[in-house]
Amino acid sequence: MAKAKAKAQTTKKATAKTKTAAVKKPKKMVYFFGGNKADGNAKMKELLGGKGANLAEMASLGVPVPPGFTITTEVCTYYYANKKTYPTGLKEEVAKSLAKTEKIMGKKFGDAKNPLLVSVRSGARSSMPGMMETVLNVGLTSQTIPGMIAQSGSERFVYDAYRRLIMMYSDVVMEKAAGIEPKDDMGIRRQLEKIMDDLKKSKGYKSDTDMTADDLKELCEAFKKKVKDVIGKPFPDNAMDQLWGGIHAVFSSWNGKRAVSYRRIENIPDEWGTAVNV
Amino acid sequence: MVFGNMGDDCATGVAFSRNPGNGDNKFYGEYLVNAQGEDVVAGTRTPAPINAASQSEHNKDLVTLENGMPKLYKQLVAIKNRLEKHYRDMQDIEFTIENNRLFMLQCRVGKRNGPAAIQMAVDMVKEKLITPEIAVTRVTPAQLDELLHPIIDPKTEKDHAVLCKGLPAGPGGACGQIVFTAADAVNWVKNGKKVILVREETNPEDVEGMRAAEAILTARGGMTSHAALVARGWGKCCIVGCSAIHVALTSKEIRIGDTVLKEGDWLTLNGTKGNVYVGQLPMMDAGEENRVLMDFLAICDKCRTMGIRTNADTPEDAAKAKSFGAEGIGLFRTEHMFYGKGSDEPLFYLRKMIMSKTTDERKKALAELAPYVKKAIKGTLEAMDGMPVVIRLLDPPLHEFVPQDEGKRKELAKALDLNMNDLVKRFESLHEVNPMMGHRGVRLGVTFPEITEMQVRAIYESAAELTKNGKKPYPEIMIPVTCDVNELKDQYAIVKRVYKEVLAKYNLKKLKTLTGTMIEIPRATLLADQFAEVAEFFSFGTNDLTQMTFGFSRDDTGGFLGKYVEKGVLEGDPFQSIDVNGVGELIHVGIERGRHINPDLEIGICGEHGGDPASVEFCFKVGMDYVSCSPFRVPIARLAAAQAAVQYGCTCKGKCNTKAKGKKK
């Protein structure tokens, strides 16, 4: 009781704060890491989340990490305090950090010839394993796919990445973040998994790795059709739309059902918010 | 981003710089060739071990990273070492290999179960990676509790056939009835059942059910799967990747070879070994004879300034508590000898004493009772040789000892030469409307001084005889339920007189002893300065103090307290964790006023709160000299006291915590 009390009081205070005073636009909203340098460090968990802070620390230590950037938890707080809108200037800061990432990777996001793909991952102050969303392979579109195939030399790899993107994105961004609550087993991800299982069964495959490039290509088309049928919207074919969709979904997942119930159990305050790592 | 799925020179994996399941200082992890990160955690493919130390029944035929990509493995080990040294803690890392190039995608302090947390804390102190002060903060009381938690009785387990084996993801034993969904787990537990949640694999939607279940069993997934990770964080018994199990969700049954089990059937899990058994196997307490635990508690003791005593009523309990590291007895209840095994004779004489009409009769009965009292006290003082033993004088209301049994009543009537009518009349006269606030504690001593005298004599004679035998007994006589200093003075006159008489009888100059009072009535806390003029120690009886401060009868909170906590009227059960704002304030006032008069006043606590970590922290902050708790809670109290000292105090062994840190909060 002694401890619970202290915790409860801080929670109450924090709630009062977010409700009464408008959350101000944070000063620096995006922290870059990569190329053995980083804007942040391990001590900045509150601002960058655990993952972001440690990625920054590792980059500074010279440990190889893929370059990227972290959008702060303050942006998450602002987002919820301002009817799910972003502070002005965020787009510009993201663009700047994305450009730095492109430079180190020697690739360009959305580029037809030499495309860069990104992952969009959540990262709260204290770890909440599996509670919040992640979207991988963001940036694959009809424009960038040929470039990706040329660059990697593997059609199979690119379509495998694409089918994963469609599965994750349709589930996390188009369904969960849009507030759609399908009946049991009727979620888009489940339905797509079923298509994939049927394909594997019809061909007698045991593992995902048995699927050929042609199988995967066919699968992606079937996926996109299903997404359109179930959700009523086409799967986005623009890299930037996918990126912001992913960011939006990570912020939304902070208030997803399972994240909220996990926070209850672990006594994590609702006000902490999550960061977004790209 | 970088890709682990571009071909066979690509891979992705999850690893821990030390084994999170048992704490071994061995790099531990799983990986998949040509895959993206989600595949490792999702359990859709069986991940391969990164090295020999990570092999299990499950994956021993798969190629390790060490053998498959030796150069990259070496690089990964170097980075792991660097990160662990930098963060000075076990790291949980995610990595991806893209076309033979290694990238780290994440590192964080790794979750671990209790045994692993303790092993790592002890090892890292030995390796000089961390200080003892940091080591004690690396283990939570709940994690320590895991080691003290039940395991399957090994004798019974030996004779049972293992149904199937999985990976030991969460240690300890558990048994419960099979349920297949998280929602069922929650509902069954609400109805008072114990369940084991059996899943193909768990996902984040299952957390509430996982929390409710006694244990979790999955057919798929590795040591880094969702179920393993979450269970480890909670210290819950868990077995994952038990591939022999086929879960049929629609028919709510599982098949293991020819065995079919249905919802509601009993299973017992050994999460330390990964064994699954059919039926209910008996559980027992673990924790004794655990070398690493002893080492860890020794580290705690180095950092701790507050003493830890135990509540024990028999020489056997005392010996047990000593083995757990208790440094004395904070509460020895004399009335214990009137309950349970071997209580027939002393209880008969006690009843005779209660029924006595005249002082002479009572004195005669007391003389018959005295040898029993002395025997129990002497045995306990001897078991705790050299350590303080706080002996509380008779506390409960006498009517508690009135026999209900007709035969016992007749026997008593005969012994007292009374007819049954008179006997029943005597009984009726003892009846009280509210006995907990009735004729008990010091009130018995004031009204029947001969009862106090008999007990005090038994204590001093025990001490004198032990001293004569070269022992070092240290009794502290505690007078219970006082509300006014005059009660104390009244009893002290007896204590002092008997002390002198015993010294003379045994031809001794002095005995090491203290006399003090139990503070459990709010009035006493407010008048503590007066009490401190007489008492040499205070012991806060926080069960009664909470009862009387709240006005809640401790035995009658069932009807409302749950609702109170649920509705947020109260933040918690004040009988479990000290109510800092109310009861705590009274204690704080009592200590300040008492120490103002007598700075050397010894102060402790002997309620159930002594074993609650948050309450132990409170006791440290208000400057108590010791906490006393039940024997099995002693290790928890040692850890909690060490953590409080590291967080709020200095390591000086004096009473600086009482003076510099006397302010609460």
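Colleague: Which residue does A:Ser122 stand opposite in β8(A)?

Modeller: This is a predicted model, in which local features need pLDDT of at least 70, side-chain atom pairs count only at pLDDT 80 or more, and totals for chains, interfaces and linings use all residues. Residues are numbered from 1 along each chain as its sequence is written, while chains are lettered from A and ligands numbered from 1 in the order in which they are written. Over four bridges, β6(A) pairs in the antiparallel sense with strand β8 (residues 274-277) of chain A (strands are DSSP runs of E, at least two residues, and helices are runs of H or I, at least four, numbered from the N terminus; two strands pair if DSSP finds at least two bridges between them). Within β8(A), the residue opposite A:Ser122 is A:Val276.

Colleague: In β7(A), which residue is the bridge partner of A:Val120?

Modeller: β6(A) is also joined to strand β7 (residues 134-138) of chain A, by three bridges in an antiparallel arrangement. There, the bridge partner of A:Val120 is A:Val135.

Colleague: How many of the residues of β6(A) are buried?

Modeller: A residue is buried if 20 or more other C-beta atoms, placed from the backbone, lie within 10 Å of its own. On one side of β6(A), A:Val118, A:Val120, A:Ser122 and A:Ala124 are buried, and on the other so are A:Ser119, A:Arg121 and A:Gly123. The strand is largely enclosed by the rest of the structure, because the residues buried number seven of the seven.

Colleague: Which residue of β22(B) does B:Arg392 stand opposite?

Modeller: Strand β22 (residues 474-479) of chain B is largely enclosed by the rest of the structure, because six of its six residues are buried. B:Tyr474, B:Glu476 and B:Met478 point one way from β22(B), whereas B:Pro475, B:Ile477 and B:Ile479 point the other way. Four bridges join β22(B) in parallel to strand β23 (residues 514-519) of chain B, and five join it, also in parallel, to strand β21 (residues 388-392) of chain B. The residue opposite B:Arg392 is B:Met478.

Colleague: Which strands stand at the edges of the open sheet of eight strands in chain B?

Modeller: The sheet has mixed pairing and the order β7-β17-β16-β9-β10-β11-β12-β8 (chain B). Each edge strand has a single partner, so one side of each is left without a neighbour in the sheet; these strands are β7 (164-165) and β8 (167-170) of chain B.

Colleague: In β12(B), which residue is the bridge partner of B:Leu167?

Modeller: Three bridges join β8(B) to strand β12 (residues 237-240) of chain B, and the two run antiparallel. The bridge partner of B:Leu167 is B:Val240.

Colleague: How many residues of chain A are in contact with chain B, and how many of these are charged?

Modeller: Contact requires C-beta atoms, placed from the backbone, within 7 Å, and 36 residues of chain A meet this with 38 of chain B. Elements giving two or more residues to this side of chain A include α1 (2-20) and α6 (155-176) of chain A. By class (Ala, Val, Leu, Ile, Met, Phe, Trp, Tyr, Cys and Pro are nonpolar, Asp, Glu, Lys and Arg charged, and the others, Gly among them, polar), this side has 19 nonpolar and ten polar residues. The totals asked for are 36 in contact and, among them, charged residues numbering seven.

Notes: Contact = placed C-beta atoms within 7 Å. Buried ≥ 20, exposed ≤ 12 C-beta atoms within 10 Å, placed from the backbone.
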